[in-house]
Amino acid sequence: MILRMSTLFLRTLREDPADAEVPSHRLLVRAGYIRRTAPGIYSWLPLGWRTYLNVERIVREEMDAAGFQEIHLPALLPREPYERTGRWTEYGDLLFRLRDRKGNDMLLGPTHEEIFTLLVKDLYSSYKDLPLSIYQVQWKFRDEARPRAGILRGREFSMKDSYSFDIDDAGLQRSYDKHRVAYQQTFDRLGLDYVIVSAMSGAMGGSLSEEFLSPCEVGEDTYVRCTSCDYASNTEAVDVPVPEALAYADAPAAHVEDTPDTPTIDSLVDYLNSQPHLRREDRPWQASDTLKNVIVKVVHPGGDSELLAVGVPGDRDVDEKRLGAQVYPSALAAATDEDFAAYPGLVRGYIGPEALGETKTAKVRYLLDPRVVPGTRWVTGANEPDKHVVDLVAGRDFDGDGTVLAAEVRAGDPCPRCGRPLAMARGIEIGHIFALGTKYAEALDLKVLDEHGKQVVVTMGCYGLGVSRALAAIAENNHDAKGLIWPREISPADVHIVATGKTDAPFEVAERLAADLDAKGIRVLLDDRRAASPGEKFNDADLIGIPTIVTCGRRIVDGKVEIKDRRTSERIDLPIDDVVDHLVEVCAES
RNA sequence: CGGGGAGUGGCGCAGCUUGGCAGCGCGUCGGCUUUGGGAGCCGAAGGCCAGGGGUUCAAAUCCCCUCUCCCCGACCA
């Protein structure tokens with residue numbers, strides 16, 4: 001099939017749309033691939049839809065090749081299964097809810113664990129049926145608080161979601177690994193760079209989960225990567241190398257000092273440096289010499305809560321996400337005035353380790369950053385207003401009840417694998433795989449008989465891959481100032497033929513080439529517009545981003561056309577008769 | 001939910017401070033000319049200035065209220 005610019009349902013924009021910031025959004029709208037229909041909701045135009053279908057096809061081929069079976073579930077779903085797993089409530093405002101004419105609650109599927117689980121329960125009842133991996137490509141609906149960046153984060157988006165069903169943990173691990181490999185192959189074929197970072201399973205439940213992040217400035221997920229080796233990790237999960245313990249035999253004894261009006265680390269450091277009798281000889285005091293003790297409230301799943309004290313070097317904040325991941329499945333909350341009132345030993349702004357810990361006066365569980373090893377000397381709160389302790393030595397004067405990875409991770413911190421500096425990076429989450437376990441099978445009572453005739457709960461995995469988001473990620477990684485530059489397999493066409501000139505000849509040559517290429521199975525976009533100026537056509541071709549551009553123009557009189565590689569801008573002139581063979585070769589190579 | 005910005009022909013914007021015929025560029029339609037990097041000239045169509053209320057002889061412009069969109073943050077399989 002030959003697409004003709006003269007009749008194509010397309011309008012390219014000369015200027016950037018006012019509401020688009022990120023490159024993929026800007027260019028996809030400008031080049032006439034998508035149009036905004038409502039906030040976070042987009043319509044696909046012919047070029048965009050062909051491109052989208054290519055991405056979807058590649059994903060589908062890779063899933064099929066891995067032995068997963070495609071099915072298709074409705075997007076419009078009943079409330080009941082989501083009620084049973086608790087997600088009707090848990091999803092909150094994120095869920096698009098509606099009612100049918102009888103008043104029954106319905107929803108637009110944000111994800112389909114429940115329905116897949118019920119479908120398997122409906123059909124299967126024996127361990128002999130397992131393992132099973134099934135998937136679909138479906139539009140998902142989430143009423144995001146803030147949709148952004150075009151199709152990178154929409155309220156309606158396309159996702160390939162797979163689900164695996166196994167009889168035991170070993171089977172789940174095998175299914176998980178198969179999906180992991182299938183994802184690697186899929187993203188390789190899509191031409192997307194990615195890093196795999198371990199993630200917290202959070203609300204999805206389960207033990208193991210990994211995210212596939214495509215490195216990209218406009219991505220929403222921050223992660224940490226090593227500047228030297230290939231270590232990459234979710235920020236929450238970065239490990240901190242434990243420094244060696246220091247000798248402290250000749251360390252001075254701890255002493256309490258008056259430090260009026262110093263409830264913050266900054267004010268404390270300034271005060272220490274301003275007092276001649278407190279100054280250090282070797283260098284000024286800095287925030288990292290202080291030990292900051294932060295009180296948070298941990299709310300357990302049952303609803304009980306307790307206070308927790310976290311001690312971190314004063315130059316670092318407690319990263320709530322990181323701490324939250326450590327206490328999961330309990331949740332974090334801010335400690336209230338009442339909480340503090342219950343522990344008179346805790347003096348806000350002047351909390352020190354001597355009052356903390358299971359055996360101390362405050363009896364608040366006290367966890368320390370791994371950097372606080374025995375022998376390190378600290379300035380920290382003396383548990384009295386306006387007083388701090390200097391030269392408090394870890395291991396001699398205080399201990400924690402354990403360690404916790406709660407301090408923020410910063411660029412320059414050492415890589416846990418090789419010790420070289422880490423860097424902060426951003427990425428687009430293009431895939432997320434979970435070893436779910438039995439959460440959904442239990443809630444929905446999916447059991448099969450095992451070889452002993454005993455009912456066992458099936459264990460599950462779920463594996464998401466954002467198809468429309470992957471397209472946006474590909475666009476983010478494949479463009480220049482002039483427009484998009486598609487990898488051939490993704491591109492809406494293989495070759496963009498531009499005819500230009502005032503005579504019929506170039507147009508006739510272009511038509512003939514288009515027909516010949518089409519006969520060879522090469523997909524052609526033909527710019528057969530007579531009225532458009534050459535400049536307009538060339539700019540449109542660069543904007544649209546088809547990988548090979550053939551210009552039938554002024555060289556026609558020499559029997560030649562120009563072939564340009566969109567990515568490298570390399571141009572060659574070729575005799576007309578050689579063009580088809582040449583392009584067949586070019587298309588086969590890339 | 002917090003902070004910032006913006007709503008004016010299809011698109012991108014000016015006009016608002018200081019009230020007085022609703023403008024510019026692009027696009028669209030017709031005509032002539034033009035064809036290698038978004039062509040030229042002539043003519044034309046197309047706008048309740050987000051909505052509601054108010055002030056005024058007169059409101060895109062001033063005042064009050066509402067709505068919507070975009071960006072940053074919070075949130076988020």
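The exercises below concern a predicted model that contains RNA strand B. For local features a pLDDT of at least 70 is needed, side-chain atom pairs count only at pLDDT 80 or more, and totals for chains, interfaces and linings use all residues. Residues are numbered from 1 along each chain as its sequence is written, while chains are lettered from A and ligands numbered from 1 in the order in which they are written.

**Exercise 1.** Describe the surface near RNA strand B by residue class and by element.

Solution. Step one is the criterion: a residue is near a strand if its C-beta atom, placed from the backbone, lies within 6 Å of it. RNA strand B is surrounded by 45 residues, the closest being Ala-18, Thr-111, Gly-464, Gly-535 and Gly-553. Step two sorts them into 14 nonpolar, 13 polar and 18 charged residues. Here Ala, Val, Leu, Ile, Met, Phe, Trp, Tyr, Cys and Pro count as nonpolar, Asp, Glu, Lys and Arg as charged, and the others, Gly among them, as polar. Step three assigns elements, where helices (H or I, at least four residues) and strands (E, at least two) are DSSP runs numbered from the N terminus. At least two residues each come from β9 (156-166), β25 (459-466) and α13 (534-544). The most, 8 residues, come from α13.

**Exercise 2.** Determine whether helix α1 is covered or open, and by what.

Solution. A residue is buried if 20 or more other C-beta atoms lie within 10 Å of its own, exposed if 12 or fewer, and partly exposed in between, with C-beta atoms placed from the backbone. In α1 (residues 23-30), 8 of 8 residues are buried, including His-25, Arg-26 and Arg-30. The cover includes β2 (34-38), α2 (46-65), α11 (467-477) and α13. Just after α1, Gly-32 has a positive phi of about 75°.

**Exercise 3.** Trace the pairing of β31 (residues 560-565) with β30 and β32.

Solution. Two strands pair if DSSP finds at least two bridges between them. First, β30 (residues 548-552) is joined to β31 by 4 bridges, antiparallel, with Thr-548 opposite Asp-565. Next, 5 bridges join β31 and β32 (residues 571-575), also antiparallel; Glu-562 has Asp-573 as its bridge partner. The hairpin of β31 and β32 has 5 residues between the strands, and Ser-569 there takes a positive phi near 65°.

**Exercise 4.** Which residues does Val-550 touch?

Solution. Contact requires C-beta atoms, placed from the backbone, within 7 Å. Leaving out residues up to four places away in sequence, Val-550 touches Val-495, Ile-497, Val-498, Leu-513, Val-561, Ile-563 and Val-579.

Conventions: Two residues are in contact if their C-beta atoms, placed from the backbone, lie within 7 Å.
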